[in-house]
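Below is a short briefing on one protein chain. It goes from the overall fold to the packing and then to single residues.

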Amino acid sequence: MRMKWHDLLFMNWPVSKQRLTELLPSCLQLDCYDAQAWISIVPFHMSGVALRWMPDLPWFSSFPELNVRTYVIADGKPGIWFFTLDATNPLAVRVARFWYHLNYVDARIHVERRDGWFRYQSMRTETRQPPAELRVEYRPVGESWFAEQGSIEHWLTSRYCLYTVDRAGRLLRGEIDHVPWSLRNAQAVIQSNTMADSYPLDLSHPPLSLLYAQKMDVVAWSVAPVG
């Protein structure tokens, strides 16, 4: 599939390595930076979402999304494990559940830009999942830059595959292609964040790292069994 990601905020917290390991399937290894585990919450907006040979569909191809994710390794390849992916498009949610075996859930999300700030409000509406909410205002600051290889910023953002598990318990990998991130530092004011409360992970303190990216063109390949 092809897609565009817009106005991403990477909010990153160091968290307990033991607790995150307990939350992962046994077929995955937790990835750490300098022995520290991390969890990230990423609000953004998508457009142009479609199979590569299809035109954009007005009722399908554009919607906001909110990811809760951590960092893993399988078969020597680092990637992303998504705990949840909240989105406003019911059809896209169900297609992604079926096609990618990802934990997509329905949510009501409102995004607006005013005076250089993005105001992002998400409320989960799907009753099969624990309630979760994010209300945050954020903006980029400073000039754009590219993360250096080996830096924490590069480690947090430069991930080119996702991992998931199908109903049979098989580990699957989905490759993701895009150019290197053009990043900016960010400011954020978090009014409410209960996205990780059900695990439980305490994210009541401010994130240690805040990064912003304006736009990225992405190709996401179908998932396939690892190995």
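This is a predicted model, in which local features need pLDDT of at least 70 and side-chain atom pairs count only at pLDDT 80 or more, while totals for chains, interfaces and linings use all residues. Residues are numbered from 1 along each chain as its sequence is written, and side-chain values use heavy atoms, with hydrogens and water left out. The chain contains three helices and 13 strands; helices (H or I, at least four residues) and strands (E, at least two) are DSSP runs, numbered from the N terminus.

**Overall shape**

- For 227 residues, a compact globule would have a radius of gyration near 17 Å, and the chain agrees with this at 17 Å. The radius is taken over C-alpha atoms, and the globule rule is 2.2 Å times the number of residues to the power 0.38.
- The C-alpha trace spans about 50 × 45 × 35 Å along its principal axes.
- Of the 227 residues, 52% count as buried. Buried means under 20% relative accessible area, exposed means over 50%, and partly exposed lies in between (1.4 Å probe, protein chains only).
- Among contacts (heavy atoms within 4.5 Å) between residues at least 6 apart in sequence, 68% join residues at least 24 apart.

**Nonpolar cores**

- In soluble globular proteins, nonpolar side chains tend to be buried together. A nonpolar core is here a set of buried Ala, Val, Leu, Ile, Met, Phe, Trp, Tyr and Cys residues joined through side-chain atoms within 4.5 Å.
- The largest nonpolar core has 37 residues, of which Met3, Trp5, Leu8, Phe10 and Trp181 touch the most other members.
- At least two residues of this core come from each of β1, β3 (37–50), β4 (63–74), β5 (77–87), α2, α3 (152–157), β10 (171–177) and β12.
- Another core, of 36 residues, lies apart from it and includes Leu9, Phe118, Tyr138 and Tyr163.
- Beyond its neighbours within four places in sequence, methionine 3 is in contact with Met46, Ser47, Gly48, Val49, Met216, Asp217, Val218 and Ala220.

**Aromatic rings**

- The structure holds eight aromatic pairs. Rings of Phe, Tyr and Trp (its six-membered ring) pair if their centres lie within 6.5 Å; planes under 30 degrees apart count as stacked, over 60 as edge-to-face and the rest as tilted.
- Tryptophan 5 and tryptophan 181 form a stacked pair, 6.1 Å centre to centre with 20° between the planes.
- Tryptophan 5 lies in strand β1 and tryptophan 181 in the loop between β10 and β11, so this pair ties together parts that are 176 residues apart in sequence.
- Tryptophan 5 is buried at 15% relative accessibility, and tryptophan 181 is buried at 5%.
- Phenylalanine 10 and tryptophan 181 form an edge-to-face pair, at 5.3 Å centre to centre and 85° between the planes. Both residues, phenylalanine 10 and tryptophan 181, are buried.
- Trp5, Phe10, Phe44 and Trp181 form one aromatic cluster.
- Arginine 159 lies over the face of tryptophan 155, 4.6 Å from the ring centre. A charge sits over a ring if NZ of Lys or CZ of Arg is within 6 Å of the ring centre and within 35 degrees of the ring normal.

**Serine 40**

- Serine 40 lies in strand β3 and is buried, with 0% relative accessibility.
- Its side chain makes a polar contact of 2.5 Å with the side chain of asparagine 12, and another of 2.6 Å joins the side chains of serine 40 and tyrosine 71. A polar contact is a pair of N or O atoms within 3.5 Å; within protein, one must be able to donate a hydrogen and the other to accept it, and residues adjacent in sequence count only if both atoms are side-chain atoms.
- Serine 40 and tryptophan 13 are 27 residues apart in sequence and 6.3 Å apart in space, C-alpha to C-alpha.

**Threonine 164 and histidine 101**

- Threonine 164 belongs to strand β9 (residues 161–165) and is buried at 3% relative accessibility.
- The threonine 164 side chain reaches the backbone oxygen of histidine 101 at 2.5 Å.
- Histidine 101 sits in the loop between α2 (90–100) and β6 (104–114). Histidine 101 is partly exposed at 24% relative accessible area, and has a positive phi of about 55° although it is not a glycine.

**Other backbone features**

- Aspartate 7, in strand β1 (residues 2–15), has a positive phi of about 50° although it is not a glycine.
- The peptide bond from tyrosine 199 to proline 200 is cis, with omega near -10°. Proline 200 is in the loop between β11 (183–193) and β12 (209–220).
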